[in-house]
Every structure is written in C-alpha cells, then in structure tokens.
Amino acid sequence: MDIKNAVILITYAGSQLGGTLASHFASLGATLVLCDKNSARLQQTVQSCQQISTKIYSCAIVDYSVDAIHDLFHYMDDTLGHSPDVLINAITSHAMPTILEQSGREIFTQQLSHMAATLFSFGQATSERMRMEKKNGVIVNVIAHADYRDLSGFDNATSMVAGFTQSWAKELTPFNIRVGGVVPSYDVDDVHWSEIHDELIRNTEYIVANDYFSGRVMAA
C-alpha cells in the first residue's frame with residue numbers, strides 16, 4: 001500500500017504508543033484520523049502531528065462501542081469523504097494479576113475483556129466497511145506495555161493479539177483485506193524500551209506497506 005495516499009485510523013491515539021505511531025505516519029505523508037476517549041491527551045497528539053503535517057483529523061469518542069465507532073465513521077464521511085484504508089489498533093497493556101493471586105480474578109477478567117472488546121469492535125466495524133466498499137484494506141493490531149518493570153500477564157495479551165490477527169486474516173483474505181500484528185519481544189533483564197517502541201513502529205510500517213504480508217505477527 002502507498003502510505004502517502006492512505007487514510008489511516010489510529011485508535012488510542014492519546015497514548016504513548018498511539019502518539020508515536022501517529023507522528024511516524026504523519027511524517028510519511030499519510031492522512032490520519034486519530035481517536036481516543038481522553039480528549040486532552042488526544043489533543044496533545046493532534047498538536048504534535050500538526051507540526052509535521054496538515055492532513056491530521058481527530059475525533060474524541062465516548063467509548064469503544066460499535067455505535068461510537070460508527071459515529072466515528074460518519075465523522076470521516078462528513079469531513080474527509082473517505083473511510084479508512086488502514087486501521088491501526090494500538091493497545092497498551094497494563095500489568096495483570098497472576099493465577100496465584102486469589103483476589104485477582106475480577107481485575108484480570110475486566111482488563112483482558114476490555115482489550116478484547118476494543119480490538120474486536122474496531123476490527124469488525126472497519127473490516128465491514130472495507131468489504132462494503134471492496135477496499136484492499138489493512139488492519140494492524142499493535143500492543144505495547146504500560147510499565148516494562150511489571151510484565152505480569154503480558155503473555156496473555158500478546159497471545160490474544162496473535163490469535164485475533166491469525167483468525168481475522170483467514171476470514172478476510174478472500175476480501176483482499178490484510179491483517180498483521182506487532183508485539184514486543186524482549187529479555188526482561190535487559191529492556192531498552194525506547195528501542196522496542198522504535199521497532200514496533202518500523203514493523204507496523206512494514207506491514208502496512210508490504211502487500212504480501214498477512215496473517216502473521218512480528219515481534220519487535
């Protein structure tokens with residue numbers, strides 16, 4: 001895909017991961033649509049990207065429900081007259097309770113189900129729009145960790161991203177929609193988080209640009 005001519009929707013754009021992804025793709029000339037529930041952090045990302053490019057649009061959403069996502073698409077139709085060519089599902093995982101923590105079941109369930117629901121809702125709604133418009137689209141699920149000093153439960157999050165990526169690719173390949181995933185891979189004793197973030201960004205760009213990449217997860 002020609003990134004310069006693509007409309008890219010980035011979720012959680014107010015997060016560190018989402019903001020870094022937004023700045024990178026702005027520098028490549030893409031038209032960006034940035035969304036987040038946190039309007040203040042979203043605006044910070046928008047201002048940063050506007051120093052790089054004029055093709056920056058944003059929409060604060062009330063939640064990550066299907067209705068809110070469809071409202072976001074209506075905003076894109078009204079403002080750009082264009083739906084997404086690329087969806088970058090940018091998720092930041094937080095530490096989760098381990099199986100040894102007796103009181104952690106509810107927290108674990110809430111965090112994992114929230115991540116799954118957000119990834120799935122955006123993926124489903126965007127792929128539906130791409131199929132309706134017979135668009136050769138791309139969906140990239142990208143995950144980072146909020147605090148590399150506590151990686152409890154992170155394997156569960158990366159496994160979920162890998163599972164979604166592979167299953168969606170099988171379902172969407174007949175419609176010429178590619179799906180890829182990017183997850184961190186590191187030695188806990190020697191973490192260079194800035195380098196991992198840079199690699200997450202490079203791998204995401206590679207997946208978007210490479211027309212033959214689908215159904216696989218890259219480790220940064």
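Reader: Is Cys59 buried or exposed?
Author: This is a predicted model, and the values here are computed from it. The relative accessible area of Cys59 is 15%. The cut-off for a buried residue is under 20%. By that limit, Cys59 is buried.

Reader: How far is the sulfur of Cys59 from the closest cysteine sulfur, and in which residue is that sulfur?
Author: A disulfide requires two cysteine sulfur atoms within 2.5 Å. The closest cysteine sulfur to that of Cys59 is too far for a bond. The residue is Cys35, and the distance is 7.4 Å.

Reader: How many disulfides are found in the whole structure?
Author: A disulfide is a covalent bond between the sulfur atoms of two cysteines. The search covers the whole structure, and the number of disulfides it returns is zero.

Reader: What is the relative accessibility of Cys35?
Author: Cys35 takes part in no disulfide, with the sulfur of Cys59 as its nearest cysteine sulfur. Cys35 counts as buried, because its relative accessibility is 0%.

Reader: Which residues of helix 3 are buried?
Author: Helix 3 covers residues 66-79 and spans 20 Å from first to last C-alpha, close to the 20 Å expected. The buried residues are Ala68, Ile69, Leu72, Phe73 and Met76.

Reader: Why do these residues lie on the same side of helix 3, and what arc do they cover?
Author: The residues in question are Ala68, Ile69, Leu72, Phe73 and Met76, which are buried. They are on the same side of helix 3 because the arc they cover around the axis is only 145 degrees.

Reader: Which residue just after helix 3 takes a positive phi?
Author: Most residues other than glycine have a negative phi. The residue just after helix 3 has a phi of about 65 degrees, and it is Gly81.

Reader: Which residue stands opposite Gly180 in strand 6?
Author: Strand 6 pairs in the parallel sense with strand 5 (residues 138-145), over five bridges. The residue opposite Gly180 is Val140.

Reader: What is the bridge partner of Val182 in strand 7?
Author: Strand 7 (residues 216-219) runs parallel to strand 6, and four bridges join the two. The bridge partner of Val182 is Met218.

Reader: How many aromatic pairs does the structure hold?
Author: A pair of aromatic rings is described by the distance of the centres and the angle of the planes. Ring pairs also link Tyr12, Tyr64 and Phe122 into a cluster. The number of aromatic pairs in the structure is six.

Reader: What is the angle between the planes of Phe120 and Trp168?
Author: These rings are 6.4 Å apart, centre to centre. The pair links helix 4 (residues 105-132), which holds Phe120, to helix 5 (residues 154-172), which holds Trp168, across 48 residues. Phe120 counts as partly exposed at 38% relative accessibility, whereas Trp168 counts as buried at 8%. The pair is edge-to-face, and the angle is 65 degrees.

Reader: What is the distance, centre to centre, between the rings of Tyr206 and Phe213?
Author: The two planes are 85 degrees apart, and the pair is edge-to-face. Tyr206 is partly exposed with a relative accessible area of 42%, while Phe213 counts as buried at 2%. The distance between the centres is 6.0 Å.

Reader: Over the face of which residue does Arg131 lie?
Author: The C-alpha atom of Arg131 is separated by 10.0 Å from that of Pro174, 43 residues apart along the chain. Pro174 lies in the loop between helix 5 and strand 6 and counts as exposed at 62% relative accessibility. Arg131 is 5.5 Å from the centre of the ring it covers, that of Phe175.

Reader: What is the phi of Lys134?
Author: Lys134 is found in the loop between helix 4 and strand 5. Its relative accessible area is 74%, so Lys134 is exposed. Although Lys134 is not a glycine, its phi is positive, at about 50 degrees.

Conventions:
Residues numbered from 1 in each chain as written. Predicted model: local features only at pLDDT ≥ 70, side-chain atom pairs only at ≥ 80, totals over all residues. Heavy atoms only, no water. Expected span 1.5 Å × (residues − 1). Buried < 20%, exposed > 50% of the residue type's maximum accessible area, 1.4 Å probe, protein only. Arc of directions from axis to C-beta. Pairing = 2+ DSSP bridges. Phe/Tyr/Trp six-rings, centres within 6.5 Å; stacked < 30°, edge-to-face > 60°. Lys NZ or Arg CZ within 6 Å of the ring centre and 35° of its normal.
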